[in-house]
Amino acid sequence: MTNNKPLRNSDYYYSFLVSIALVLIGHIVILQRLEPTGDTKAYISMIKGNFDVFPSFRFRILIPFLASLLPFDPLESLKILSYLSLGIFYFVSIVINLKLGFNLKTSILGILIVYTTYSNLYNYHNPFLIDSFSIMILSLLIYAFLSNSFLWFSIISFIGILARETTIFLIPIWCLKDFRRGISLLLLLLSLVLIPRLLFISEHNNGSLFYELKTKGFEHIKNPFILLKNIWIPFGFLWLLMIISLFVIRLEKYKEILITFFLLLLGAVITSLL
């Protein structure tokens, strides 16, 4: 599936330049939110050492911890981590395409298409969230998977879980290479996600893991339009391009990428219920 031919130094060089340029363009062109949202307020509170926040955020400890280490105010620290994550995501995505056998121009074109989506551009309008870090983690997981490195796949998975739970949706892909290792890693990390959220109850309506699913998820199921809108908005027309590509590319060559697509689609559906 992957291209065994080693990448040239120039491939890495141009990938790096494009990634830096995209981050700078986003920072300069996109109008940035000045006031923090409810989500950001929770992360700021955690950066300052107060973890008495809504349970959805309480266990996402990694980004607030990293931000607390930076010698800047909380908002600036969150923005720096967000931009750094986006740059790494662009770079790794281009390299992934190169490893899959696409040429440099096609690989860059691919990331430029992704760049135009709402899911990406919103990270420049509101760079104080942790969404960009989660996207970076997903790209690193795919790279580790294509590189056949279970060690790095495991390490990145663990890091991702500490930042946001959505990482769990991509972990099962390792079962394609080694079912026993893949399922063991999935069960281990799933326990790390579930156990703290089931054990630690808070004043927010008991703060159970399923609180948001019960209060908002069922409402979305009752109204399929809201569910479809929440799935469509993040990537927009890119969903159509991905579906069309399934009929254009040789599926037997990219079987594992196809399964990755459906795992991420499953994650999009489930998280859209929350």
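Modeller: This is a predicted model. It holds 11 aromatic pairs.

Biologist: Why is the pair of Y43 and F57 called edge-to-face?

Modeller: The planes of Y43 and F57 stand at 90°. The centres are 5.5 Å apart, and the limit for a pair is 6.5 Å. Y43 is in helix 2 and F57 in helix 3, 14 residues apart. Both Y43 and F57 are buried.

Biologist: What makes the pair of Y83 and Y124 tilted?

Modeller: The angle between the planes of Y83 and Y124 is 35°. Stacked needs under 30 degrees and edge-to-face needs over 60, so the pair is tilted. Y83 lies in helix 5 and Y124 in helix 7, so the pair ties together parts 41 residues apart in sequence.

Biologist: How do you know whether Y83 is buried or exposed?

Modeller: Its relative accessibility is 13%. Buried means under 20%, so Y83 counts as buried. Y124, at 0%, counts as buried too.

Biologist: What makes K177 a charge over the ring of F145?

Modeller: The charged end of K177 is 4.4 Å from the ring centre of F145. The cut-off is 6 Å, so that distance passes. The charged end of K177 also sits over the ring of W174, 6.0 Å from its centre.

Terms used: Residues are numbered from 1 along each chain as its sequence is written. This is a predicted model: local features need pLDDT of at least 70, side-chain atom pairs count only at pLDDT 80 or more; totals for chains, interfaces and linings use all residues. Side-chain values use heavy atoms; hydrogens and water are left out. Rings of Phe, Tyr and Trp (its six-membered ring) pair if their centres lie within 6.5 Å; planes under 30 degrees apart count as stacked, over 60 as edge-to-face and the rest as tilted. Helices (H or I, at least four residues) and strands (E, at least two) are DSSP runs, numbered from the N terminus. Buried means under 20% relative accessible area, exposed over 50%, partly exposed in between (1.4 Å probe, protein chains only). A charge sits over a ring if NZ of Lys or CZ of Arg is within 6 Å of the ring centre and within 35 degrees of the ring normal.
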